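Dear colleague,

I am handing over the structure below, followed by notes on what was found in it. Please read the notes with the model open beside them.

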Amino acid sequence: MVSPHGIQLAAHLIASFYGELCAKVCECLIRRGTLTLPQIIRFTELRRENVVNCLRVLIHQNCVQAFTIEEEGGLGKESRVATQYMALFDFIVHKLRLSKFMQIVSQEFDKETRCSEIFQGLLEHGRLSVNQMIDRSAQMDGGSNVHLIREDICKLVDARLIERCPAPDPFLAPPSEEEVAPKKRGAKASKIVQPQLTTEQRAVAAAGPVESLRFLLEYDFSEEGGQETSNKITIGKKRKHDDLMSDEDILDTSRKKEALWRVNFEELVRRLRNKACISYVTRTYDSVAGIVLSAIFKLADLKAGKPASLSIDAINTEVTKTDSSLNMDRIRASLAQLGCNSSQTDFDIYIVDVTPLIEMAQDEEVESVVLRRHGKEAFRIFRYLSKANRYVGTDTIAETNTTSPDATDTIKILNKLWKDDYVNMEKVATSGAKQSDNLLWKVNKKPLREQALDEMYHAALNLRLRITHELDQGKEIVQLPKDKRIGDLGKKFDRLRKVKAILENSFLNLDDSILLFHDFYIQ
């Protein structure tokens, strides 16, 4: 489920990039979930032509995924096949950080290559074939060497920065009886919860190309670049409406199709996550911990919640490439700092998991918010409860209050935290000659993190609106020639430039927190 302010932010991003109609369709899909075309038309009260055009844009900008599913007919009727559409919220939010993605590519490749402009074209147009990428680069450079452009495309593919697009309309077969029926397990296995995939998760998995084809370029290069295509693009124009293929176009097998490519957001976010984690452990522990974690990321493609096993010899070999002065004991000590434990069966095998580091960083982010809003004592109490991760009595908490050990003062602080949903409270009745209620307090981290993320979405939306407002207010000054921006006009222009820089920098810093609480956690 997407939080309320997350929905508003997504709708604002779509409106700013692709217009109000697309935003209305997208918001409808996020709020109501997966819908068919007639349902979207009914809920949005838009004309069919407008809805179809909006879906074309959103599909090609990787904001919506279509899939076909078999539905039961009911009342003796036969089942029927229907195409449904779902919004891809994670891809929509990536619109916040396009500049960060461009920076990754610019740092990865030399300026002499065309990798940055090819990558920028995919960010702008959403999906392009290899021939369209070649045509676009040739237009920008005035007829460049096609073979050099192909080499640059190969570099982006080899770096896993671009990938083949998912299937436009995968078919989801009804789940079998074995998948629906609960499996019988033993006493130990019954404790393990195996959640079933939702329809949306199944659709995303079915649409994704297999790994053997995901980064395959040979087939695309079998055709000569620069040929006239039905979807030839023009520099500076986004692919909207008639320039985009609808579902009917996609399913039309009579037309010759080229494989489409898009930006690999998964790889980009992974790189941002690795950089953030290395920076965090370097700041929290020391530079050696950062070097060891960097070596781990080079050896294993870690994902949150999916630990990997690495040998100490492999880690040591990778670490010494950066700093040959570090010995095995120092590396083992850093692994212990990072929470990497050795295997029970093999002392030289370490189990590494990035999830605890991400959660530690999330906890510190929430603690900093408590410090700003409620002061040092509230921060100390909240941090104590967060680390305890269990219900604690008021008297025990009062002992951590260095300013006043009186339980009354502690209760006042706890009540403020409770009213702002930072802590949970439970009343426990005590039995005996004199019955009374004991108050127990606990930090429930999961809903708290969701609340923090929703507040970040709200702040991001406000910053976007403020930036738009400032630019609208000063657009007449910006459009003036440089020689006429003098006196008061010059001061206003300088103020606008400074305000814009401050707001955009604040926005990028806020997006770092959104990445931490949302994107890093699902990688």
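Strand β8 is joined to β10 (residues 349–352) by 4 bridges, and the two run antiparallel; helices (H or I, at least four residues) and strands (E, at least two) are DSSP runs numbered from the N terminus, and two strands pair if DSSP finds at least two bridges between them. Within this pairing, L310 stands opposite Y350 in β10. Both strands belong to an open sheet of 3 strands, ordered β8-β10-β9 with antiparallel pairing. Because β8 (308–311) and β9 (341–342) each have a single partner strand, they stand at the edges, and one side of each is left without a neighbour in the sheet.

This is a predicted model, in which local features need pLDDT of at least 70 and side-chain atom pairs count only at pLDDT 80 or more, while totals for chains, interfaces and linings use all residues. Residues are numbered from 1 along each chain as its sequence is written, and side-chain values use heavy atoms, with hydrogens and water left out.

The structure also holds 5 aromatic pairs (rings of Phe, Tyr and Trp, the last by its six-membered ring, with centres within 6.5 Å; planes under 30 degrees apart count as stacked, over 60 as edge-to-face and the rest as tilted). One of them is the edge-to-face pair of F89 and Y457, at 5.8 Å centre to centre and 85° between the planes. This pair links distant parts of the chain, since F89 lies in helix α5 (residues 89–93) and Y457 in helix α22 (residues 445–473), 368 residues apart. F89 counts as buried at 10% relative accessibility, as does Y457 at 2% (buried means under 20% relative accessible area, exposed over 50%, partly exposed in between, with a 1.4 Å probe and protein chains only).

Best regards
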